Amino acid sequence: IREQLGEFVDSKGRLTTGAAPFNVFARYACGVQPCSPEVEEAQQHLGDFRSDFMMIFNRPEHCANWASNAPEWRGKACMSKRHGLLTTRDLSWHWFNVLVFGLFDNLEEAISRLRALKAAALQFCASHGEWSEHIGLYFHSYGHSSVNSLHLHVVDLDFTGPSYEALKFKNLRIDDVIAVLEEELAEL
């Protein structure tokens, strides 16, 4: 997998944050990518989790078309009226995607990070006030992900749109990932 990532990982094993190859989530995480006022404000809703994670959002046109069934937006627009992307500030390639969690003799740390990601996402939704209590937390595993940087899709399930249905096959629930890694840990 490391070889497949190529220039997305530097010689120190960290995700690159330059202009080429362009990795928007890694750029946000390290502060290179300028944040919109909406993104800046969103960090406050993460509470103490904001030192480890960052909530970002899709492009404005993707968010605006969340309910569109037009072919050009189905599977490209946001999955819900409220859809955030929670990313990590840790740029080690060992955390670039949920597929590699636990592969580096770090199962306990991987489970702990997943639990923290889940808690941060739920903290954000509860603090924000506009989100419902029905929240979907999904990863897109490497091979199905459009960005080579960890991001948890935080989706308000009370307002899903056509893209939610179109991308459902990619949505890997965080609770399923935690359960599998806990099983692996129990077998050691």
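By class, 14 nonpolar, twelve polar and four charged residues make up the lining of the largest pocket in this predicted model, where Ala, Val, Leu, Ile, Met, Phe, Trp, Tyr, Cys and Pro count as nonpolar, Asp, Glu, Lys and Arg as charged, and the others, Gly among them, as polar. A pocket is here an open set of points, on a 1 Å grid over the protein atoms alone, where a 1.4 Å probe fits, with protein on both sides within 12 Å along at least five of seven lines, and lining residues have an atom within 4 Å of a point. The model is a prediction in which local features need pLDDT of at least 70 and side-chain atom pairs count only at pLDDT 80 or more, whereas totals for chains, interfaces and linings use all residues. Residues are numbered from 1 along each chain as its sequence is written, and side-chain values use heavy atoms, with hydrogens and water left out.

The space in the largest pocket amounts to about 650 Å³, a volume being the space filled by probe spheres set on grid points that are joined across faces, edges and corners. Of its 30 lining residues, Phe 25, Asn 58, Arg 59, His 62 and Leu 85 lie nearest the centre. At least two lining residues are supplied by each of helix H2 (24-30), helix H3 (37-44), strand S1 (53-57), helix H4 (60-64), strand S2 (83-88) and strand S4 (151-156); helices (H or I, at least four residues) and strands (E, at least two) are DSSP runs, numbered from the N terminus.

The largest nonpolar core holds 36 residues, of which Leu 86, Leu 114, Phe 139, Leu 152 and Val 154 touch the most other members. Such a core is a set of buried Ala, Val, Leu, Ile, Met, Phe, Trp, Tyr and Cys residues joined through side-chain atoms within 4.5 Å, with buried meaning under 20% relative accessible area, exposed over 50% and partly exposed in between (1.4 Å probe, protein chains only). Elements that each supply at least two residues of this core include S1, S2, helix H5 (107-128), strand S3 (135-140) and helix H7 (174-187), and the largest share, nine residues, comes from H5. Another core, of nine residues, lies apart from it and has Val 9, Ala 29, Leu 91 and Val 100 among its members.

In H3, Val 39, Ala 42 and Gln 43 are buried. Seen down the axis of H3, these buried residues fall within an arc of 105°, so they line one face of the helix, the arc being that of the directions from the helix axis to the C-beta atoms. Pro 37 and Gln 44 are exposed on the other side of H3, while S1 and H5 are included in what covers its buried residues. Within strand S1, Ile 56 is buried, with a relative accessible area of 1%. Leaving aside neighbours within four places in sequence, Ile 56 is in contact (heavy atoms within 4.5 Å) with Phe 25, Tyr 28, Val 39, Gly 84 and Leu 85.

Two backbone features are located in loops. A cis peptide bond, with omega about -5°, joins Ala 20 and Pro 21, and Pro 21 is found in the loop between helix H1 (2-5) and H2. Asp 105, in the loop between S2 and H5, has a positive phi of about 50° although it is not a glycine, and Asp 105 counts as exposed at 84% relative accessibility.
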